[in-house]
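Work through the exercises below with the sequence and the 3D structure at hand. Try each task before reading its solution.

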Amino acid sequence: VKLNSETVLATTMLLWGFMGDVINSADRFRLFGPSRFAVAFLGKIITPVKEHRMRVQYSPVDENGEGDPIDLEMDAQSIYVCNHPVASVDGESMITSKAKINDGCLTIVMKDWKGRKLAIQ
């Protein structure tokens, strides 16, 4: 995408885990319009929580184009991959606070059920 005459990586967001489950469930409630996500979210939080074993493998590169592969694995609630800031459901905190649409990076955030998160940029 061109942003102020600069070409930048453009994506919305890739979600996997709990939030991905909510988005998939919301598809069944299309007749509720945009409120379908709230309906699906409520349905997911009152049912038993599904655990997701997550594994992320990536190769970060430095300014010289070099980097060692990294392999992360954990039981987590969700994984977010995006290139823009994302607010949490409460609207008070940011899930991807360091993400910038014009820095050429993707931010990966893995959150576990205890509220801890691992952010990689």
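**Exercise 1: the nonpolar core**

The largest nonpolar core has ten residues in all: Phe18, Met19, Val22, Ala26, Ala40, Tyr80, Cys82, Val86, Ile95 and Val109. This is a predicted model, in which local features need pLDDT of at least 70 and side-chain atom pairs count only at pLDDT 80 or more, while totals for chains, interfaces and linings use all residues. Residues are numbered from 1 along each chain as its sequence is written, and side-chain values use heavy atoms, with hydrogens and water left out.

Task: Which element supplies the largest share of this core?

Solution. 
1. Recall the term: a nonpolar core is a set of buried Ala, Val, Leu, Ile, Met, Phe, Trp, Tyr and Cys residues joined through side-chain atoms within 4.5 Å. Buried means under 20% relative accessible area, exposed over 50%, and partly exposed in between (1.4 Å probe, protein chains only).
2. Find the elements that give at least two residues each: α1 (18-26) and β6 (78-82). Helices (H or I, at least four residues) and strands (E, at least two) are DSSP runs, numbered from the N terminus.
3. The largest share, four residues, comes from α1.
4. Another core, of eight residues, lies apart from this one and includes Val56, Ala76, Val81 and Ile108.

**Exercise 2: strand β7**

Task: Is strand β7 largely enclosed or largely open?

Solution. 
1. Take one side of β7: Thr107, Val109 and Lys111 are buried.
2. Five of the five residues of β7 (residues 107-111) are buried, so the strand is largely enclosed by the rest of the structure.
3. Look at the pairing, which requires at least two DSSP bridges between two strands. β6 and β7 run antiparallel and are joined by five bridges; in one of them, Val81 has Ile108 as its partner.

**Exercise 3: salt bridges**

Task: How many salt bridges does a search of the whole structure find?

Solution. 
1. Apply the criterion: a side-chain nitrogen of Lys or Arg within 4 Å of a carboxyl oxygen of Asp or Glu.
2. Asp27 pairs with Arg30, with the closest N and O atoms 2.8 Å apart.
3. Glu73 pairs with Arg53 at 3.2 Å between the closest N and O atoms.
4. Asp71 pairs with Arg55 at 2.6 Å between the closest N and O atoms. Asp71 is in β5 and Arg55 in β4, 16 residues apart.
5. The search finds three salt bridges.
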